[in-house]
Amino acid sequence: MKNIFIINGHQKYPFSEGKLNATLTEKAESYFKSNGYNIKKTTMEDDYDVNEEIEKFKWADVVFFQTPLNWMGVSWSFKKYIDEVFSMGMMGEMSDGDGRSKEAPKKNYGLGGKLNGKYMMSVTANAPKEAFNNPEETFFNGMSEDDLLKPMHLNFKWFGFEPLPTFVAYDVMKNPEIENDFNRFENHLKANF
């Protein structure tokens, strides 16, 4: 049986209460429960213990991370979580430092991960789908969603996790298609689990 660690990385703002991220998190949890997975959860709005969070990563076969796209990255509360949990985890629990050795101090940076699981990011974005993978849209200049999320991919890679395909709900504030997003999300989970 697989162990799934679910993280809801939403940070509440007056104009964005996090209902869509909470609902996608609940849908993921329901899907995993109905398919016999063991589940542990963390929500950025709740208090957490750094050592308990490290144990969740070590326990997990899969980390499912739900987040809004905030200023081309994750919320400040999840960034704080990364700084606290990941920094402590790289002291031997989740990785052997940065992967380099005294014998080869210029090689293997970032390759000290001790965990071997997978991760999936699920993202809500105000950007339309057409803003990505299109060199004619000059803001992203042809970047993909995963190009934009590269820092998060590298964070998970640091600890030895391998990516599953990213899910994105697009244009969620100006032109939402919530029911379509929920259907696509369910199909995305079925295709990958």
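## About the model

The model is predicted: local features need pLDDT of at least 70, side-chain atom pairs count only at pLDDT 80 or more, and totals for chains, interfaces and linings use all residues. Residue numbers start from 1 along each chain as its sequence is written, and side-chain values use heavy atoms, with hydrogens and water left out.

## Aromatic pairs

Let's start with the rings. A pair of aromatic rings is described by the distance of the centres and the angle of the planes. Searching the whole structure turns up 23 aromatic pairs (rings of Phe, Tyr and Trp, the last by its six-membered ring, with centres within 6.5 Å; planes under 30 degrees apart are stacked, over 60 edge-to-face, the rest tilted).

Take Tyr48 and Tyr81, an edge-to-face pair with 5.0 Å centre to centre and 70° between the planes. Tyr48 sits in the loop between β2 (38-43) and α2 (50-59) and Tyr81 in helix α3 (residues 76-89), so the pair ties together parts 33 residues apart in sequence. Helices here are DSSP runs (H or I, at least four residues), as are strands (E, at least two), numbered from the N terminus. Tyr81 is buried at 0% relative accessible area, while Tyr48 is partly exposed at 23% (buried is under 20%, exposed over 50%, partly exposed in between, with a 1.4 Å probe and protein chains only).

Phe86 and Phe159 are also edge-to-face, at 5.0 Å centre to centre and 75° between the planes. Phe86 belongs to helix α3 and Phe159 to the loop between α5 (150-158) and β5 (162-163), 73 residues apart. Both are buried: Phe86 has a relative accessible area of 5% and Phe159 one of 3%.

## Charges over rings

Lys27 lies over the face of Phe182, 4.6 Å from the ring centre. Lys40 puts its charged end over the ring of Trp59, 4.6 Å from its centre.

## Out on the surface

Trp71, Met72 and Phe139 make a nonpolar surface patch of about 460 Å². Patch residues have over 30% relative accessible area and no salt bridge; like charges are joined within 9 Å, and nonpolar side chains (Val, Leu, Ile, Met, Phe, Trp, Tyr) within 5 Å. A salt bridge means a side-chain nitrogen of Lys or Arg within 4 Å of a carboxyl oxygen of Asp or Glu. Phe139 is in the loop between β4 (118-124) and α4 (145-148) and is exposed at 62% relative accessible area.

Ala191, in helix α6 (residues 178-192), is exposed too, at 64% relative accessibility.

Notes. Accessible areas come from the Shrake-Rupley method with a 1.4 Å probe; for residues, only the protein chains shown count as cover. A charge sits over a ring if NZ of Lys or CZ of Arg is within 6 Å of the ring centre and within 35 degrees of the ring normal.
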